[in-house]
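Hi everyone, thanks for coming. I'd like to walk you through a fold today, so please have the picture open while I talk.

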Amino acid sequence: MLSTIDFNRVLFLTLNKRIKTQKVSLLLGARRVGKTIVLQQIANKYKENCLLLNGEDQDVRELLLRRSVANYKKIIGEKQLLIIDEAHHIPEIGKIAKLMIDEIKPLHIILSGSSTFNLQQGAGEPLVGRSYEYTLYPIAQCELKEQENLLQTKANLSDRLIYGSYPEVLRLTTNKEKEEYLKLLVNQYLLKDILEFENVKQSDKLKKLLQLLAFQVGSESSSEDMGKRLGISKNTVDRYLDLLTKVFVIFRLNGFGNNLSKEMTKKPKWYFFDNGVRNAIINDFKPIEVRQDVGFLWENYLINERIKANAYQQKNKEYFFWRTYDQQEIDFIEVENKIISAFEFKYSDTKVKIPGAFAKAYPKAAFTIYTKENYLDWVDG
């Protein structure tokens, strides 16, 4: 239970290091992961030298749409830090930020948004060479080390597998409160940008696709097969998957291969950015001890925590899974500078050998098994 904790987010420190640069920082992440709180903490740190605006405010939008250096100098005044929360609501925010950063010095701008298709499309091309990009995830295990000791972390593990790591979930004290919050999060927040900005007419199909993905976590999925099951076209499925990725609900892993005839690389696997969101979509919050999907929850959790830790340490890694047509497989592959590392995830301490085909094809690759007994070193960052 962490009901009184204000979490120390890694990205607060990262953003703070770049404040003195003549650049734009793009802060992305799903709704309710804590972007606004991070921005408020930065604004409080710099106080009189910072202007904090809300892109959802109609007056702010109208003020910024008058694109002239004189207008922006009047708005910013002597301040050297401009923060615009929910910046994806402002049309052509990229061109606005470019003009400011090119003409007003010294100045650093932070723009936040809850979807890549709005903030990146609005800010992307005009800010090439002028911006940094960061993603804020639900609370990472590496951000909990100051709030929990080792015994508490181990005691809370099963809770994280069921309810995930959204900040508010970690503050709530009862399972009923957590379940109600997660259902509200899915139904009213996470899909909001898709329904609001992307004109998705078949919202029921979108939600059924999410349910289908939730039941298939860690399994290879074909857009064509899912389309047939849902009664929609493959192109529509692909569009929905792309949108769900861009609002940080799901992400994909592609199959790893080196053109060996036995390797399967065509069908991806889909995972959820948070276990609690996945379980809310299928309305299944049963305890670990009676679940049939513990292996999938463990895999989804570990992959998420590893991606968070690597991202916050600004490690540039590529991620895959590996499988052959004769059913040899490895859960997770990391590639960095052509160095291959392979990982297998087992909730209980089960002995697993490296698949023979993989060992033969990639003899220099490291192979490690992670269980609930040894996973912390891998995800703590």
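Predicted model: local features only at pLDDT ≥ 70, side-chain atom pairs only at ≥ 80, totals over all residues.

The protein has 17 helices and 11 strands. Along its principal axes, the C-alpha trace spans about 65 × 50 × 45 Å. How does the radius of gyration fit a compact globule? With 381 residues, such a globule would have a value near 21 Å, and the protein has 22 Å, so the two agree. Of those 381 residues, 54% count as buried. And if you look at contacts with a separation of 6 or more, 74% of them come from residues 24 or more positions apart.

Now, the sheets. As a quick reminder, strands of a sheet pair through backbone hydrogen bonds, either parallel or antiparallel.

Let's take the parallel one. It is an open sheet of 5 strands, in the order E2-E3-E4-E1-E5. At its edges you'll find E2, residues 50-54, and E5, residues 131-135, each pairing on one side only. From one strand to the next, the twist averages 15 degrees. E2 and E3, which covers residues 81-85, pair in the parallel sense over 5 bridges, and there Asn54 stands opposite Asp85 in E3. Helix H1, residues 10-17, packs on this sheet and touches E1 and E5. The direction of H1 makes about 175 degrees with that of E5.

On to the other sheet, which is open too, with 6 strands in the order E7-E6-E8-E9-E10-E11 and mixed pairing. Here the edge strands are E7, at 269-272, and E11, at 366-370. Neighbouring strands are turned by 35 degrees against each other on average, ignoring direction. E6, residues 250-255, runs antiparallel to E7, and 4 bridges join them. If you want a landmark, find Arg252, which stands opposite Trp270 in E7. Helix H11, residues 203-215, lies across E6 and E7, at about 100 degrees to E7.

Last stop: helices H7, residues 150-163, and H15, residues 294-312. How do they pack against each other? Their angle is about 95 degrees, with the axes 9 Å apart, and H7 and H15 are therefore roughly perpendicular to each other. H7 brings Leu157, Arg160, Leu161 and Ile162 to the contact, while H15 brings Leu297, Trp298 and Tyr301. By type, these residues divide into 6 nonpolar, no polar and 1 charged.

That's my tour, and I'm happy to take questions.

Terms used: Residues numbered from 1 in each chain as written. Heavy atoms only, no water. Axes fitted to C-alpha atoms, helices over the stretch in contact; angles between N-to-C directions. Helix = DSSP H or I, 4+ residues; strand = E, 2+ residues; numbered from the N terminus. Parallel < 35°, antiparallel > 145°, perpendicular 65-115°, else oblique. Contact = heavy atoms within 4.5 Å. Nonpolar A, V, L, I, M, F, W, Y, C, P; charged D, E, K, R; others polar. Pairing = 2+ DSSP bridges. Rg over C-alpha atoms; globule rule 2.2 N^0.38 Å. Buried < 20%, exposed > 50% of the residue type's maximum accessible area, 1.4 Å probe, protein only.
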